[in-house]
Amino acid sequence: MASVKIVNLTKSFNNVNVLNSINLDINQGEFITLLGKSGCGKSTTLKLIAGLISPDKGDILFDENSILNQKTQERQAVIVFQDYSLFPHMNVFENIEFGLKMKKIEKKIRQKKVMELLELVKLDGFEKKFPSELSGGQKQRVAIARTLAVNPKVLLLDEPFSSLDINLRNEMRAFILELQKKLNITTILVTHDKEEALMMSDKIAVMVDGNIAQFDSPMNLYEKPISKDIANVFGQRNYLKGRIKNGIFISDIFDIELKGHENIDNIELMISREDVKIHNKKTYGLEGIISKKTYAGDTTYYEIDVKTKTIISSSSESFYNIGDEVSIDIKPKNIIYFKNNLKK
């Protein structure tokens with residue numbers, strides 16, 4: 001396993017900057033996710049680490065040693081792509097064995113290694129099947145086993161779950177996490193799925209327009225984002241404009257006690273949807289009317305019109321309906337506010 005350090009890494013295609021001198025420190029054995037929209041530079045970063053493309057500037061280090069002068073096959077950083085890239089004319093055993101054959105490993109050692117990997121990825125008995133006979137999840141396990149066969153220091157996952165249905169996706173997420181922890185292999189996942197990133201990662205690097213906007217733990221990114229752009233990556237939030245005076249946040253809609261905060265004008269207070277609780281009318285002082293309801297199984301999302309503002313709430317209760325007059329109770333778990341796009 002290896003630590004990974006990215007130093008001022010820069011890359012452009014056709015005079016368009018894709019990566020803008022990014023920096024990243026990944027500890028040995030960590031599970032890191034690069035999260036962002038399409039075109040933000042996350043897959044380019046993965047390919048640079050693997051050596052599939054070369055940077056314009058900067059460096060990539062494994063265990064403090066630069067790997068830029070190493071060929072792709074020498075880096076011990078291998079990618080599992082979302083299309084699996086299995087050889088259709090080879091059976092499962094032959095697919096997993098392929099990298100070992102290229103390294104001219106002795107046949108007995110190859111066979112032993114492949115059988116160990118089949119057991120590891122829970123595909124015992126599948127060695128003679130061809131890719132066309134496998135499910136999506138089974139193909140992915142073969143691709144992972146083939147990757148692990150060459151003993152990589154760094155495992156790179158390029159949106160590996162995007163083509164799977166929801167049940168299989170959840171199963172494979174759990175499988176990958178279990179495998180990663182068991183092997184303690186440094187892993188970098190690329191995804192645009194915020195739930196996936198929050199569930200799987202030790203740390204997340206949120207990428208925006210070729211920059212790493214924030215690199216932090218899932219909890220800090222969700223609860224303590226450094227900007228509105230970061231906050232909105234993880235779902236809609238409520239933002240209320242106002243000011244803090246004498247320990248009170250004052251807005252056009254309501255006031256909240258903020259002890260210990262300095263007096264400051266022109267801020268936006270961030271309130272998560274789950275911090276907005278809905279009650280029957282007149283239970284609390286802040287009254288409104290439900291204008292939208294979205295049922296999503298174990299969670300229902302409401303929009304409540306309160307004076308001139310629409311407040312968003314998420315709730316485990318779904319019995320309120322559009323047009324209902326309700327009252328809301330707002331108690332932010334974390335006091336986060338922004339001024340000039342900076343967190344205070």
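Author: What follows is a set of questions about labels, each answered with a value and a cut-off.

Author: A word on the source: this is a predicted model, in which local features need pLDDT of at least 70 and side-chain atom pairs count only at pLDDT 80 or more, while totals for chains, interfaces and linings use all residues. Residues are numbered from 1 along each chain as its sequence is written, and side-chain values use heavy atoms, with hydrogens and water left out.

Reader: Thanks! How many helices and strands are there in the chain?
Author: The chain has 8 helices and 21 strands. These are DSSP runs numbered from the N terminus: helices are H or I with at least four residues, strands are E with at least two. The C-alpha trace spans about 75 × 45 × 35 Å along its principal axes.

Reader: What percentage of the residues count as buried?
Author: Of the 344 residues of the chain, 46% count as buried. Buried means under 20% relative accessible area, exposed means over 50%, and partly exposed lies in between, with a 1.4 Å probe and protein chains only.

Reader: What share of the contacts comes from residues 24 or more positions apart?
Author: Among contacts with a separation of 6 or more, 66% are between residues 24 or more positions apart. A contact here means heavy atoms within 4.5 Å.

Reader: What makes strand S7 largely enclosed by the rest of the structure?
Author: Strand S7 (residues 154-158) has 5 of its 5 residues buried, so S7 is largely enclosed by the rest of the structure. Both faces are covered: Val 154, Leu 156 and Asp 158 are buried on one side, Leu 155 and Leu 157 on the other.

Reader: Which strands does S7 pair with, and how do you know?
Author: Two strands pair if DSSP finds at least two bridges between them. Strand S6 (residues 77-80) and S7 have 4 bridges in the parallel sense, and 5 bridges join S7 to strand S8 (residues 186-191), also parallel. On the S8 side, Leu 157 stands opposite Leu 189.

Reader: What is the order of the strands in that sheet, and what makes a strand an edge strand?
Author: The sheet is open, has 6 strands in the order S6-S7-S8-S3-S9-S10, and its pairing is mixed. S6 and strand S10 (211-216) are the edge strands, as each pairs on one side only. The twist averages 20° from one strand to the next.

Reader: Where is the antiparallel sheet, and which are its edges?
Author: That open sheet has 5 strands in the order S15-S19-S16-S17-S18, with antiparallel pairing. Its edge strands are S15 (276-280) and S18 (309-315), each pairing on one side only. Neighbouring strands are turned by 45° against each other on average, direction ignored. Inside this sheet, S16 (residues 286-296) and S19 (residues 325-330) are antiparallel over 4 bridges, and Glu 287 stands opposite Ser 327 in S19.

Reader: Why is H2 called roughly parallel to H4?
Author: The axes of H2 and helix H4 (residues 136-148) cross at roughly 30° and come within 7 Å. That makes H2 roughly parallel to H4, because angles under 35 degrees count as roughly parallel, over 145 as roughly antiparallel, 65 to 115 as roughly perpendicular and the rest as oblique. Axes are lines fitted to C-alpha atoms, for helices over the stretch in contact, and angles run from 0 to 180 degrees between N-to-C directions.

Reader: Which residues meet there?
Author: Val 92, Asn 95 and Ile 96 in H2 meet Val 142, Ala 145 and Arg 146 in H4. By class, that contact has 4 nonpolar, 1 polar and 1 charged residues. Ala, Val, Leu, Ile, Met, Phe, Trp, Tyr, Cys and Pro count as nonpolar, Asp, Glu, Lys and Arg as charged, and the others, Gly among them, as polar.

Reader: Why does Lys 104 count as exposed?
Author: Lys 104 has 74% relative accessibility, so Lys 104 counts as exposed. Its place is the loop between helix H2 (92-102) and helix H3 (107-120), and its phi is near 60°, a positive value in a residue other than glycine. Most residues other than glycine have a negative phi.
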